[in-house]
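Keep the structure open while you read.

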Amino acid sequence: MQCRTSVEGRLSACTPMSARPANLGFEEIAVRLVEAGLVTPAQDASGPVEAEIIARVPFSVPMALPPKPPAWDGPEPNPSQRAAGEDYARRHRADPLIRSRLPWGLQPMSPEMRQTVKSWIDELFARSDQVRGLGMARVLAKRDLDVFLRTKPDDWDDWTKEMASAMADLFDGTEAVAELRRRFCARYDCGPALEGDAAP
């Protein structure tokens, strides 16, 4: 970005020149960060002077993927639990927020980029959506329940962890995330810090 520096070393009027990848909000965040800081002011023979500078703000995105949850070692579900799991999966898929893929943080993207990334998510995580029903059925079997509760239980975080474990041998989310990152960086240029670093 290009900025103006004051004689006190304050930066102002910062204008983003480029970002990699572009249009994801990094530009605005970088301006806020830079304008909150101080630099050593430029000097001439009379002392500090105002000047124009170019500032580069690198963002580091951790590429390490979470460890795989342990494989399922609980009881296998009975027919009632399988039916309840399928019902849960149907309601999950029908949730407008889930269908929109908004939890993935696609909102700042351009419409074309959002559609492309959403299509990758739909493709790479379709299997996850399919096995969610069996995952919930396994959790119900472990908890000795034949139906899914109509309201979220107080220990929902525990249910979520159990679901991850129940689905671990059915779908490998870490591989899907790594492939999603690889595709995104190949298409939209994540910058030199991330090149060749999209896989665990």
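Thr5 sits in strand E1. Buried or exposed, then, is Thr5? Thr5 is buried, with a relative accessible area of 2%. Keep in mind that the model is a predicted one. Leaving out residues up to four places away in sequence, Thr5 touches Arg10, Leu11, Val39, Val49, Glu50, Ala51 and Ile53. One of those, Leu11, is also the bridge partner of Thr5 in E2.

Elsewhere along the pair, Gln2 faces Thr15 of E2. The two strands make a hairpin with five residues between them, and in the turn Gly9 takes a positive phi of about 90°.

Which strands make up the sheet, and in what order? Three strands form an open sheet in the order E2-E1-E5, with antiparallel pairing. E2 and E5 (51-54) are at the edges with a single partner strand each, so one side of each has no neighbour in the sheet. On average, and ignoring direction, neighbouring strands here are turned by 25° against each other. Helix H1 (residues 26-35) lies across E1 and E2, and runs at about 165° to E2.

The residues of H2 that are buried are Gln81, Ala84, Gly85, Tyr88, Ala89 and His92. Why do they end up on the same side of H2? They cover an arc of only 140° around the axis, and therefore share one side of the helix. The spacing makes sense, because an α-helix has 3.6 residues a turn and residues three or four places apart point the same way. Among the elements covering the buried residues of H2 are helix H3 (96-100), helix H5 (126-142) and helix H6 (156-167). At the N-terminal end, H2 is capped by Asn78, with a side-chain oxygen 3.0 Å from the backbone nitrogen of Ser80.

Arg183 counts as buried because its relative accessible area of 17% falls under the 20% cut-off. Again leaving out residues up to four places away in sequence, Arg183 touches Trp120, Glu123 and Leu124.

| Residue | Relative accessible area |
|---|---|
| Thr5 | 2% |
| Arg183 | 17% |

Stepping back, how many helices and strands does the protein have? There are seven helices and five strands. Read from the N terminus, the elements run β-β-α-β-β-β-α-α-α-α-α-α. The protein has 200 residues, of which 36% count as buried. As for contacts with a separation of 6 or more, 70% of them are between residues 24 or more positions apart.

Key. Residues are numbered from 1 along each chain as its sequence is written. This is a predicted model: local features need pLDDT of at least 70, side-chain atom pairs count only at pLDDT 80 or more; totals for chains, interfaces and linings use all residues. Side-chain values use heavy atoms; hydrogens and water are left out. Two strands pair if DSSP finds at least two bridges between them. Helices (H or I, at least four residues) and strands (E, at least two) are DSSP runs, numbered from the N terminus. Axes are lines fitted to C-alpha atoms, for helices over the stretch in contact, and angles run from 0 to 180 degrees between N-to-C directions. Contact means heavy atoms within 4.5 Å. Buried means under 20% relative accessible area, exposed over 50%, partly exposed in between (1.4 Å probe, protein chains only). The arc is that of the directions from the helix axis to the C-beta atoms. A polar contact is a pair of N or O atoms within 3.5 Å; within protein, one must be able to donate a hydrogen and the other to accept it, and residues adjacent in sequence count only if both atoms are side-chain atoms.
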